[in-house]
Amino acid sequence: MKTGTASLENFWEVNSSWSFDKLALDTFNLQYKRNTVYRSFCNLINTIKKHDVELVVMAGWMKIMSSKFVNAFKNKIINIHPSLLPSFKGSNAIKEAIRNDSKITGCSVHFVEAEVDSGSLIMQAALSISDKDDLETITKKIHLLEHKILPLSISQAGYIIPVSYTHLRAPRD
């Protein structure tokens, strides 16, 4: 682990367009695609375990993880979601906020549980919805908030996650 960050040595960015370079963590980006080496979640689980990953971040993932996957990394998977959970769980959160005439929306980072968008919250950020806003403008605003709170949430998760020290390595130069 590089100094000055949360206590995470191995961190996976899963199928994301996000760049985590600013976090000074060792990262591995897994592009999960159909009909590849990762055809089954068992292969995915084994690969992540092989790399001794301490935190899996799902940003832009848009897939429901199997309970087998979630249980394999219990309390080590976080997700960013475009609503103030527990409101508007699932894939159409922004549209649902508009349909329900919400005046406030935002984004949430949470630990992943088998039930969709139901894990313990790490951080949330809110924004107001004006009469001029539409799906496109709200989506852009939420993405800006997501880019602010996800790195902070990763750092916070590093303090929350119990770390196993049996695999410590010598510091890197």
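1. Aromatic pairs. In this predicted model, where local features need pLDDT of at least 70, side-chain atom pairs count only at pLDDT 80 or more, and totals for chains, interfaces and linings use all residues, the count comes to 1 aromatic pair, a pair being rings of Phe, Tyr and Trp (its six-membered ring) whose centres lie within 6.5 Å, with planes under 30 degrees apart called stacked, over 60 edge-to-face and the rest tilted. The rings of Phe69 and Phe73 have centres 5.3 Å apart and planes at 55 degrees, so this pair is tilted. Both Phe69 and Phe73 are buried, where buried stands for under 20% relative accessible area, exposed for over 50% and partly exposed for what lies in between, with a 1.4 Å probe and protein chains only. Residues are numbered from 1 along each chain as its sequence is written, and side-chain values use heavy atoms, with hydrogens and water left out.

2. The loop between β4 and α3. Most residues other than glycine have a negative phi, and most peptide bonds are trans. The peptide bond from Leu85 to Pro86, however, is cis, with omega near 15 degrees, and Pro86 lies in the loop between β4 (77-81) and α3 (93-99); helices (H or I, at least four residues) and strands (E, at least two) are DSSP runs, numbered from the N terminus. Phe88 lies in the loop between β4 and α3 as well, and its phi is near 55 degrees, a positive value in a residue other than glycine. Phe88 is partly exposed, with a relative accessible area of 22%.

3. Asp117, found in the loop between β5 (104-111) and β6 (121-128), has a positive phi of about 50 degrees although it is not a glycine, and it is buried at a relative accessible area of 10%. His110, in strand β5, is buried too, with a relative accessible area of 2%. The side chains of His110 and Asp117 make a polar contact (3.4 Å), a term for a pair of N or O atoms within 3.5 Å, of which, within protein, one must be able to donate a hydrogen and the other to accept it, while residues adjacent in sequence count only if both atoms are side-chain atoms. Not counting residues up to four places away in sequence, the residues that His110 touches include Ile77, His81, Leu85, Asp117 and Ile122, contact being heavy atoms within 4.5 Å.

4. The structure holds 5 salt bridges, each a side-chain nitrogen of Lys or Arg within 4 Å of a carboxyl oxygen of Asp or Glu. One of them joins Lys74 to Glu113, with the closest N and O atoms 2.5 Å apart. This pair links distant parts of the chain, since Lys74 is in the loop between α2 and β4 and Glu113 in the loop between β5 and β6, 39 residues apart. Lys74 is partly exposed, at 37% relative accessible area, and Glu113 also counts as partly exposed, at 25%.

5. Salt bridges within helices. Arg99 and Glu96 meet through their side chains in a salt bridge (2.3 Å, N to O); being 3 residues apart in helix α3, they are separated by about one helical turn. Arg99 is exposed, with a relative accessible area of 55%, whereas Glu96 is partly exposed, with 27%. In helix α4 (residues 135-160), Glu136 and Lys140 lie 4 residues apart, about one turn of the helix, and their side chains form a salt bridge (3.3 Å, N to O). Both Glu136 and Lys140 are exposed.
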